[in-house]
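Welcome, and thank you for opening the viewer. Let's walk through the model together, one selection at a time.

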Amino acid sequence: LAPAHGRAAPSLSAPCRPQVAGPAWFVGSSPQPLAHGGPEPLRSTPHVPTPMALTEQEQIRRAHLDALREAGVEPFPADAWSTTHRAADVVAGYDDAQHDPEAEGTTPTRVTIAGRMMTKRVMGKAAFFHLADESGTVQIYAKRDSLPEGFYNGVFKKLLDTGDWVGIEGTVFRTRMGEVSIEADRLVLLA
C-alpha cells in the first residue's frame with residue numbers, strides 16, 4: 001500500500017543505522033564517519049545555560065532580603081527553633097473552660113510553634129496571619145506593642161512575605177469570631 005501523498009512507505013524491516021559512534025556533542029576527537037560512507041554529522045558543543053533575568057517577584061524578594069540584613073535581622077539564622085506544639089494540636093487542644101486567658105481560675109496555654117506564613121492581614125497596629133506546619137494551620141495575632149520596638153512596623157509589615165518561615169511564641173486564645181489563635185509576643189524569622 002502506498003501512502004496518500006504518493007511516496008513509498010519506508011520499510012519496517014530496514015535496520016536503523018546510528019549516525020555517529022558517540023554523542024553529537026562529544027568534544028574530544030572527531031566522531032567516527034558513518035558506516036555507509038556518508039557525510040560526517042555536524043559537531044556541536046555542550047549546551048551552557050546562560051543566566052536568566054530575575055522576575056519582578058524575585059527582584060522584590062531580594063530587595064527584602066537586603067533590607068532585612070540592613071535592619072539587623074538575619075534571614076537564615078543557624079540557630080535551632082524548638083517547638084512545643086504543632087498547629088493541629090493547638091487548635092484541637094484548646095478548651096475555653098480551662099485555657100481562656102481572660103477568665104479567672106484558668107491556665108493560659110503558652111506555645112512555641114514554627115511554620116510557613118500563609119496569609120497576612122495587616123490592620124494598623126495589629127495583624128493576623130495563618131501559620132502552616134506539617135499538621136495544619138493556626139491563626140497568629142501580632143500586635144505592634146507586643147513585639148520588640150520597631151520590629152512590627154519596620155520588619156513585619158514591610159519585609160516579611162507569605163511563604164517565609166517564622167517561629168512564634170505566645171498565648172493561645174479564641175477570637176471574637178471564634179477562631180483559636182496564638183497571640184504572639186515573640187516572632188522570629190527562620191528562613
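Two strands pair if DSSP finds at least two bridges between them, and strands (E, at least two residues) and helices (H or I, at least four) are DSSP runs, numbered from the N terminus. This is a predicted model, where local features need pLDDT of at least 70, side-chain atom pairs count only at pLDDT 80 or more, and totals for chains, interfaces and linings use all residues. Residues are numbered from 1 along each chain as its sequence is written, and side-chain values use heavy atoms, with hydrogens and water left out.

**Stop one: the strands**

Select β1 and strand β5 (residues 165-174): they run antiparallel and are joined by seven bridges. To find one of these links, show I113, whose bridge partner in β5 is I168.

**Stop two: a helix with a buried side**

Next, select helix α4, residues 151-159. Which of its residues are buried (under 20% relative accessible area, with exposed over 50% and partly exposed in between; 1.4 Å probe, protein chains only)? They are F151, Y152, V155, F156 and L159. An α-helix has 3.6 residues a turn, so residues three or four places apart point the same way. The buried residues of α4 pack against α1 (56-70), β1 (110-117), β2 (121-123), β3 (126-133), β4 (136-143) and β6 (180-189).

**Stop three: rings**

Rings of Phe, Tyr and Trp (its six-membered ring) pair if their centres lie within 6.5 Å; planes under 30 degrees apart count as stacked, over 60 as edge-to-face and the rest as tilted. By this rule there are four aromatic pairs. Show F129 and F156: their ring centres are 5.6 Å apart and their planes are at 40 degrees, so the pair is tilted. F129 lies in strand β3 and F156 in helix α4, so the pair ties together parts that are 27 residues apart in sequence. Both have a relative accessible area of 0%. Then pick F128, Y141 and F173, which form one aromatic cluster.

**Last stop: V188**

Finish in strand β6, at V188. Leaving aside neighbours within four places in sequence, V188 is in contact (heavy atoms within 4.5 Å) with W81, W165, V166 and G167.
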